[in-house]
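Reader: Could you take me on a close look at one part of this model, the nonpolar core, and then show me a few residues elsewhere for contrast? I would enjoy a connected walk-through.

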Amino acid sequence: MNVHMSVFTIGALAKASGLTTPTIRYYEEIGLIPKARRSGSGQRYYEDADLSRLTFIRQCRDFGFGIEQVKVLLDLSISQDRDCIETRDIAQAHLAEVRQKLDELQALEKRLAAFVDRCNEACAGGPSCDCVIFRDLAEPKPRPCCGSSSGER
């Protein structure tokens, strides 16, 4: 049986994976993908397994996983000895982070909507320097209690 294996230049791999060539080089540099094989003239070339690995990495990054999390997920994806509960736990922790960020964004949305509504009601059409949004932004607001963050870091 003759199994067809694709060979990609870095440009072709970038196009097929949806990543840029600098990103592929970076992932190679930090060890997310193996070092590329080189032709006699020194040109990098990659195979189907590299495309699959890069697609996996891109999907993880699209979900917002950090590089260190991606490294762990890559290790887990090929492990026969580790339990898939580790993978679930990583995804669960990331889901909790996403939900926290979503809550913060929803609170931000409400504040911004209030700014816009106040402007529409109080001063829209008047001179910019008299806009209530500027006054609202300059007015100190009490910090949240109990150690919760206001989003500033």
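**The nonpolar core and beyond**

Author: Happy to! Please keep in mind that this is a predicted model. Asp136 counts as buried, because its relative accessibility is 11% and the cut-off for buried is under 20%.

The largest nonpolar core has 22 residues. Ile24, Tyr27, Tyr46, Leu54 and Ile57 have the most contacts inside this core. Two or more residues each come from helix 1 (10–17), helix 2 (21–29), helix 3 (48–62) and helix 4 (67–77). Helix 4 gives the largest share, with 5 residues.

Leaving aside residues up to four places away in sequence, Tyr27 touches Leu19, Leu32, Ile33, Leu54, Ile57, Arg61 and Ile67. Two of these partners, Leu54 and Ile57, are also listed with Tyr27 among the residues with the most contacts inside the core.

Now back to Asp136, which is found in helix 6 (residues 132–138). With residues up to four places away in sequence not counted, Asp136 touches Phe115, Arg118 and Lys141.

For contrast, take Leu95, in helix 5 (residues 84–122). Leu95 is partly exposed, because its relative accessible area is 32% and partly exposed covers values between the buried limit of under 20% and the exposed limit of over 50%. Leu95 and Phe63 are 32 residues apart in sequence, and their C-alpha atoms are 9.6 Å apart in space.

Definitions and conventions:
Residues numbered from 1 in each chain as written. Predicted model: local features only at pLDDT ≥ 70, side-chain atom pairs only at ≥ 80, totals over all residues. Heavy atoms only, no water. Core = buried A, V, L, I, M, F, W, Y, C linked by side-chain atoms within 4.5 Å. Buried < 20%, exposed > 50% of the residue type's maximum accessible area, 1.4 Å probe, protein only. Helix = DSSP H or I, 4+ residues; strand = E, 2+ residues; numbered from the N terminus. Contact = heavy atoms within 4.5 Å.
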